[in-house]
Amino acid sequence: MKTSYSWAIRFFVIVAIFLFCATSNSFAEEINAMSHIPGRIEGFGKHFEIIDSEYLNVSLNSNEDIAVKMESMPEMVTIEIQPSENATSAELTLSGFAFGTIYHKYEDNYHNHTPFTTDENGVFSFTQDISQGHIIFIQPRKSTKFIKDNATGGDCASVGNWNASSKTCTLTQDLSETVQIDNDGITLDGNGHKITGKNTGNGVYVIGNHDVVKNVTVSNFIYGIYIKKGSSVISAIATNNYYGIYANASNYYGVTILDSRAFDNKHYGIALFYTKDNVISNNIVGPGNYAGILQGASERSVYSNNNIFNNQSGLVLRGNYNTLWGNLMHENSISNFYLDSDDMMTNIIETNNLIDGKPIYYEKGISN
């Protein structure tokens with residue numbers, strides 16, 4: 001009996017390990033599939049080509065090796081270039097655009113605007129600084145309101161009320177164009193109004209630090225709310241965008257997202273890249289996003305009391321030093337929760353995080 005019992009235990013363990021590995025591998029494949037979104041390509045080299053866009057299948061050629069993430073989405077091509085260690089500039093050639101057509105190229109923000117006309121083959125070329133990171137937007141339309149730290153708040157006077165002492169622009173009407181926040185410490189208070197796009201561009205584009213976007217509904221843009229540095233989103237709604245709330249702070253600023261809602265966004269409800277010291281709390285993420293929350297190349301994030309449900313994937317984290325407290329992840333069809341960390345010991349995950357009503361037990365330093 002003892003021998004039979006011991007053999008049965010070993011058999012059970014072997015089967016359990018096999019099933020866990022098979023499930024984990026399949027699960028990892030599903031998660032890795034999320035990294036490929038139609039109309040997007042990422043890599044290092046001199047030639048990049050998008051062949052599956054619902055907008056334009058464009059290609060990029062460079063005379064220097066560059067690290068690029070390029071996306072082609074309805075009426076918007078985005079190119080993110082990382083700093084190069086080997087060159088200060090590159091000659092870039094883009095093709096695949098409509099021929100003989102005027103487009104609007106923006107670099108890093110909507111003030112740096114250069115209109116251009118493609119040639120008879122839908123091609124144009126330009127010299128690009130690659131000594132530091134840049135993001136380039138190419139759109140067929142030009143339309144932006146700028147909120148500035150001056151006597152009138154820039155364009156705030158035409159769309160709302162400006163309080164110079166608190167540096168707050170309070171909207172008094174709905175808008176249908178991009179709002180860019182230029183300076184540090186500015187608050188855009190939507191006052192319950194809506195910013196609605198034409199399925200292109202950015203809804204609210206935040207290039208300052210310590211800015212606040214609150215009490216606003218942003219919909220029908222590629223990026224609902226785009227944050228480039230360390231800013232906050234409070235009591236906002238992002239819906240029917242490609243990306244709901246999107247932070248790409250290449251210098252690892254911290255982002256705060258509180259009491260907000262992200263649903264029915266085609267790709268991500270909330271996405272964080274190259275950030276740290278983030279606070280993501282009391283948000284409702286779902287239904288209808290491809291991924292509820294995606295964190296990539298970020299660390300030291302606190303996720304607390306978020307309700308993430310009825311997406312394809314729920315909470316997907318890549319990075320170290322994450323703390324999870326009181327999050328509910330349920331009814332997400334591919335996966336509810338996924339963690340990929342270089343040092344799993346650095347994460348703190350409490351048992352009050354629930355997956356389909358069941359607690360997560362995250363045990364460290366345990367063997368056998």
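Predicted model: local features only at pLDDT ≥ 70, side-chain atom pairs only at ≥ 80, totals over all residues.
Arg 141 lies in the loop between strand 8 (134-139) and strand 9 (144-147), while Glu 75 lies in the loop between strand 2 and strand 3, so the pair ties together parts that are 66 residues apart in sequence. Arg 141 has a relative accessible area of 40% and is partly exposed. Glu 75 is also partly exposed, with a relative accessible area of 23%. A salt bridge also joins the side chains of Glu 177 and Lys 145, at 3.9 Å from N to O. Glu 177 is in the loop between strand 11 (168-171) and strand 12 (178-181), and Lys 145 is in strand 9, 32 residues apart. Glu 177 has a relative accessibility of 17%; because buried means under 20%, this residue counts as buried.

## The disulfide

A search of the whole structure finds 1 disulfide. Its partners are Cys 156 and Cys 169, with sulfur atoms 2.2 Å apart. The torsion about the S-S bond of Cys 156 and Cys 169 is about 100 degrees, so the disulfide is right-handed. Cys 156 lies in helix 2 (residues 156-159) and Cys 169 in strand 11, so the pair ties together parts that are 13 residues apart in sequence. Both cysteines, Cys 156 and Cys 169, are buried.

A disulfide is a covalent bond between the sulfur atoms of two cysteines.

An open sheet of 9 strands has mixed pairing, and the strand order is 14-17-20-23-26-29-32-35-36. Strand 14 (194-196) and strand 36 (358-359) stand at the edges. Each of these two has a single partner strand, so one side of each is left without a neighbour in the sheet.

Within the sheet, strand 26 (residues 284-285) and strand 29 (residues 307-309) pair in the parallel sense over 2 bridges. The bridge partner of Val 285 is Ile 308, in strand 29.

## Backbone exceptions

Most residues other than glycine have a negative phi, and most peptide bonds are trans. The following residues depart from these patterns.

The peptide bond from Gly 286 to Pro 287 is cis, with omega near 0 degrees. Pro 287 sits in the loop between strand 26 and strand 27 (291-296).

Arg 300 is not a glycine, yet it has a positive phi of about 55 degrees. This residue, Arg 300, is placed in the loop between strand 27 and strand 28 (302-304). Its relative accessibility is 38%, and Arg 300 counts as partly exposed. Asn 305 has a positive phi as well, near 55 degrees, and is a residue other than glycine. Asn 305 is found in the loop between strand 28 and strand 29. With a relative accessible area of 39%, Asn 305 is partly exposed.

Note on methods: Residues numbered from 1 in each chain as written. Heavy atoms only, no water. Pairing = 2+ DSSP bridges. Helix = DSSP H or I, 4+ residues; strand = E, 2+ residues; numbered from the N terminus. Buried < 20%, exposed > 50% of the residue type's maximum accessible area, 1.4 Å probe, protein only. Salt bridge = Lys/Arg side-chain N within 4 Å of Asp/Glu carboxyl O. Disulfide = S-S within 2.5 Å.
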